[in-house]
Amino acid sequence: LSLLPLADFSFFAFPFEFSKFIVFVLFSGVLTLFLGWYLIKQKSYPLPSRNISLGLLLFLGFYFVSSVFSVSPITSFVGYFGFFTGGLIYTFLLLIIFYLAFILSKEKALILKTIFFSGTFVSLYGLWQYLIQFQKSHEAIFRIYSTIGQPNRLAFFLIAVLPIGFFLFLGEKKVFIKILYGVFLLLNFLIFLLTFSRTSFIVLIITFFFIFSYLYKSKITIPKSLLISFFAVRITISNSFFNLSAIFKI
């Protein structure tokens, strides 16, 4: 499922994003069956912490009630036509996947690395897309969408990928792999910027604020040079980004 963003089949070009929805439902169903079989075999039903479990159950419960009394119940249950996300069924399957990832604690590192590399492949495709468009039109301002299908949704996806890449980069000990993570992280950040999604950029700033707050609370040492470079680049890029957005009214 972490490779889901790469599902881009021309056969399912209409309706929009239908291919990803089919792949998502198919693998979610298979994973749910295996999850049930695994829990029955183990005869144990581990749960996340009470705060997380209670919060998710309340969220799902309120989601169900709001879907039943919605002005558009079909949309509330199956999601928006064209995207097939945001519905109760989609949310429930996401929670199943979250629970499965919680149980497979030994595989968490592999799952996170797969998500990050999936995002990197999406970014590489987006870079190719940008260069092709630039070659055709010679316009520097072009909102890319890569395999995701829509610039804002690509930005939302990369917001989830960037923190994972940041922590992989921070925790890696081997120099070569660390450099590789750094290059991939910069590539993902560049493609995120080329979506020109102002709301997503603000969300990313808030996300990294919480990340650095967590690092400070956990007393994880970060080289001062890395922090200074990070914030210097962020300030420079953010100023350029908002100036371009204002000029071209993106």
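A: Helices here are DSSP runs of H or I with at least four residues, numbered from the N terminus. The model is predicted.

Start with the ring pair inside helix α7. Phenylalanine 189 and phenylalanine 192 both lie in this helix. They are three residues apart, about one turn of the helix. Their ring centres are 6.4 Å apart and their planes stand at 15°, under the 30 degrees limit, so the pair is stacked. Phenylalanine 189 is buried, and phenylalanine 192 is buried too.

Now the neighbour. Helix α7 covers residues 175-193, and helix α8 covers residues 198-217. The two pack at an angle of about 140°, with axes 10 Å apart. That angle makes α7 oblique to α8. On the α7 side, the contact is made by Phe189, Phe192 and Leu193. On the α8 side, Ser200, Phe201 and Leu204 make the contact. By class, this contact has five nonpolar residues, one polar and no charged.

Other rings give context. The structure holds 14 aromatic pairs. In helix α5, tyrosine 130 and phenylalanine 134 are four residues apart, so about one helical turn separates them. Their ring centres lie 6.5 Å apart with planes at 15°, so this pair is stacked. Tyrosine 130 is buried, at 13% relative accessible area. Phenylalanine 134 counts as partly exposed, at 35%. Ring pairs also link Phe116, Phe117, Tyr181 and Phe184 into a cluster.

Definitions and conventions
Residues are numbered from 1 along each chain as its sequence is written. This is a predicted model: local features need pLDDT of at least 70, side-chain atom pairs count only at pLDDT 80 or more; totals for chains, interfaces and linings use all residues. Side-chain values use heavy atoms; hydrogens and water are left out. Axes are lines fitted to C-alpha atoms, for helices over the stretch in contact, and angles run from 0 to 180 degrees between N-to-C directions. Angles under 35 degrees count as roughly parallel, over 145 as roughly antiparallel, 65 to 115 as roughly perpendicular and the rest as oblique. Contact means heavy atoms within 4.5 Å. Ala, Val, Leu, Ile, Met, Phe, Trp, Tyr, Cys and Pro count as nonpolar, Asp, Glu, Lys and Arg as charged, and the others, Gly among them, as polar. Rings of Phe, Tyr and Trp (its six-membered ring) pair if their centres lie within 6.5 Å; planes under 30 degrees apart count as stacked, over 60 as edge-to-face and the rest as tilted. Buried means under 20% relative accessible area, exposed over 50%, partly exposed in between (1.4 Å probe, protein chains only).
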